[in-house]
There are 2 protein chains.
Amino acid sequence: MIKVVLLGFGNLGYHLAKAFQRSKNVNLIQIYCRSSVSNRSFNFIHDLSKITSADVYIIAISDDEIATFSKQLNFNNKLVVHTSGSVNIDELSSANFRGVFYPLQTFSKDKDVDFKKIPICIEAERSKDLDVLNKLASSIADNVYHLNSEQRKQLHLAAVFINNFVNHLYFIGEEICKQHEIPFEILYPLITETSQKGISLSPFLAQTGPAKRNDLTTIKKQLEMLPLPYQKIYEILTSSLTNTYNNN
Amino acid sequence: MIKVVLLGFGNLGYHLAKAFQRSKNVNLIQIYCRSSVSNRSFNFIHDLSKITSADVYIIAISDDEIATFSKQLNFNNKLVVHTSGSVNIDELSSANFRGVFYPLQTFSKDKDVDFKKIPICIEAERSKDLDVLNKLASSIADNVYHLNSEQRKQLHLAAVFINNFVNHLYFIGEEICKQHEIPFEILYPLITETSQKGISLSPFLAQTGPAKRNDLTTIKKQLEMLPLPYQKIYEILTSSLTNTYNNN
C-alpha cells in the first residue's frame with residue numbers, strides 16, 4: 001500500500017481522491033484543504049501542522065501557488081510532487097525530494113472521468129522515487145509516461161491547442177448557429193467524427209475544407225459573413241492551413 | 001421506391017451511393033461520373049445524354065462546378081438538387097425544380113461512415129419536392145433538418161470552425177509533440193474528452209485553461225515556446241477567449 005497525502009481539493013484533487021479511494025494499492029490517509037468541506041468520504045485537515053507521515057505528498061493547487069506552498073511544508077526528505085503541466089520540477093522546495101505527477105486531462109467537478117484512460121506523466125529526481133510514482137500512477141491509470149520538465153511543458157502547450165483552443169472553436173460554431181436560429185445539435189456528429197478522425201487518420205491526412213483546397217471564392221464569402229473578431233481567427237487559421245498544405 | 005440518379009462519384013458521392021444501396025426505399029438507378037470507375041456494384045454512365053428518368057437527380061460535385069454543370073443537363077421540370085453547404089439553391093439552373101440535399105459530415109473514401117447518424121439538411125422550392133427530399137433523407141439518416149440557403153451557409157461556416165480549424169489545431173498539437181519526441185497518443189484521451197464535453201456541457205461551460213483564467217504568466221511563457229506562425233494563432237485565440245470570459 002502506498003500511503004498518500006493529498007494537498008488541495010479543487011477539480012483535480014477531487015477526481016484524484018476518488019481514483020485513489022477506489023484503488024486497492026493506495027491508502028489516501030489525509031486531504032489538506034484550506035476551507036471546510038462537506039464531504040465525509042475523506043479525512044480532511046485544514047492545518048498544515050497536522051500532516052502525518054506518508055510515502056507521497058501530492059500538491060494539487062493552482063500553478064502559481066505551488067512554489068510558495070511547497071516551502072510551507074514543515075517536514076523534510078519526503079517525496080513531494082506537484083500535478084501541473086507547466087511548472088518545472090525545481091520550483092518545488094528542495095527541502096524534500098521532488099517529483100511530478102501530471103494527469104493529462106480536463107477536469108470539471110460535475111463530470112465524472114474514467115481515470116483508467118487518463119495518461120499520467122511522471123518525473124522524479126531520484127530513480128527510486130520514479131518507481132514509487134510509477135506504481136502509484138499505474139494503480140489508477142493504464143498509461144504512464146516518463147517525461148522530463150521540458151517535454152511536459154511542451155505537452156501542456158499542445159494540450160492548450162487541443163483542448164482550450166478547440167473548445168473555443170466549438171463555442172464560436174455555437175455562436176454562429178445561435179445567431180441564425182440553427183440548432184447546434186446538428187453539429188454534434190461532426191464534432192465526434194472530427195475527433196475520431198484526428199486520432200485514427202492523423203490530423204495531417206484528415207484535413208479537408210476550403211483552406212486546404214485553397215478555394216479562394218468560398219474563403220472570401222465566409223470571411224464576409226463573420227463578425228470582425230472571428231474574421232481574424234478565420235484569416236489566421238486559413239493562412240496557417242495554406243502554408244501547411246502548400247509546403248507539402 | 002424513390003428513383004435516384006447520382007451525378008458525381010467523389011468522396012460524398014461514394015458514401016451516398018453506398019447508403020442509398022442499403023436502403024429499401026431508394027432505387028439508385030444510375031451514377032454519372034466523367035472518368036471510368038472499376039466498381040461493379042453500381043450502374044455507371046459517363047455520358048450525360050444517357051441519363052434516364054428519375055424522381056431526384058443529386059449533384060455531388062465540387063461547389064464551383066455546380067452552376068455550370070446543372071445547365072448541361074438535357075431535361076426539364078425534374079427535381080434537381082445539389083449537396084453543398086455553401087452554394088445557394090438558386091445557383092442551380094432554373095430549367096428544373098431546384099433543391100438541396102446537404103449531409104453535414106466530413107467524408108474520406110478510406111473511412112466508413114454511419115449515414116444514420118449524419119444530419120441531412122434539405123431545402124426545396126416547392127413543398128411537394130421538400131416532401132420527396134424528406135422521405136429520401138429519412139430513408140438513410142435519422143435526423144433531417146429543413147434549413148434555408150442562408151442558414152445552410154451559416155451552418156457550413158460553423159462547420160469550418162468545428163471541423164477544419166479544429167483539425168488544424170490537432171495538427172499543431174502533433175507538431176509540438178513531434179518536435180519534442182513526445183508520443184502524440186498521450187493526447188488522444190484529451191481529444192476525445194474535449195469533444196464529448198463540448199457536446200454534454202456546452203462549449204461555454206466546458207472552457208478551461210490559462211486564457212480563461214487570464215493567467216498572464218503561463219500565457220507569456222507559452223508564447224515564448226512557440227514558433228512564430230503558431231504564436232499568432234495562440235495570441236488571437238487567447239485574446240478571443242479573454243474577450244469572451246471578461247464580458248460575461
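Where does B:Phe101 lie in chain B? It sits in strand S6 of that chain, and since this is a predicted model, everything that follows describes the prediction.

Let's stay with B:Phe101 for a moment. The residue is buried, with a relative accessible area of 0%; the cut-off for calling a residue buried is under 20%. Who surrounds it? Leaving aside neighbours within four places in sequence, B:Phe101 is in contact with a list of residues that includes B:Leu16, B:Phe20, B:Val81, B:His82 and B:Thr83. Also among its contacts are B:Ile120, B:Cys121 and B:Ile122, along with B:Leu133, B:Leu136, B:Ala137 and B:Ile140. Then take B:Ser84: 17 residues separate it from B:Phe101 in sequence, and the two C-alpha atoms are 7.6 Å apart in space.

Now zoom out to the sheet. Strand S6 is one of 8 strands in chain B that form an open sheet, in the order S3-S2-S1-S4-S5-S6-S7-S8, with mixed pairing. The edges are strand S3 (44-45) and strand S8 (144-146), each of which pairs on one side only.

Helix H4 (residues 149-179) of chain B lies across strand S5 (79-82), strand S6 (97-103), strand S7 (120-124) and S8, running at about 25° to S6(B).

So much for chain B; how does chain A relate to it? A rotation of 180° with 0.0 Å of shift along its axis superposes chain A on chain B, with an RMSD of 0.0 Å. That is the relation of a two-fold axis. To find the axis in chain A, go to A:Val166, the residue of that chain that comes closest to it, with its C-alpha at 2.7 Å. The copies meet through the same surface, because 99% of the interface residues of chain A are also interface residues in chain B.

The axes of H5 of chain A and H5 of chain B come within 9 Å and cross at roughly 180°, which means H5(A) is roughly antiparallel to H5(B). On one side you have A:Tyr188, A:Ile191, A:Thr192, A:Ser195 and A:Ile199, and they meet B:Tyr188, B:Ile191, B:Thr192, B:Ser195 and B:Ile199.

How values were computed. Residues are numbered from 1 along each chain as its sequence is written. Chains are lettered from A and ligands numbered from 1 in the order in which they are written. This is a predicted model: local features need pLDDT of at least 70, side-chain atom pairs count only at pLDDT 80 or more; totals for chains, interfaces and linings use all residues. Side-chain values use heavy atoms; hydrogens and water are left out. Two strands pair if DSSP finds at least two bridges between them. Helices (H or I, at least four residues) and strands (E, at least two) are DSSP runs, numbered from the N terminus. Contact means heavy atoms within 4.5 Å. Axes are lines fitted to C-alpha atoms, for helices over the stretch in contact, and angles run from 0 to 180 degrees between N-to-C directions. Angles under 35 degrees count as roughly parallel, over 145 as roughly antiparallel, 65 to 115 as roughly perpendicular and the rest as oblique. Copies are superposed by least squares on the C-alpha atoms of residues with pLDDT of at least 70 in both. Buried means under 20% relative accessible area, exposed over 50%, partly exposed in between (1.4 Å probe, protein chains only).
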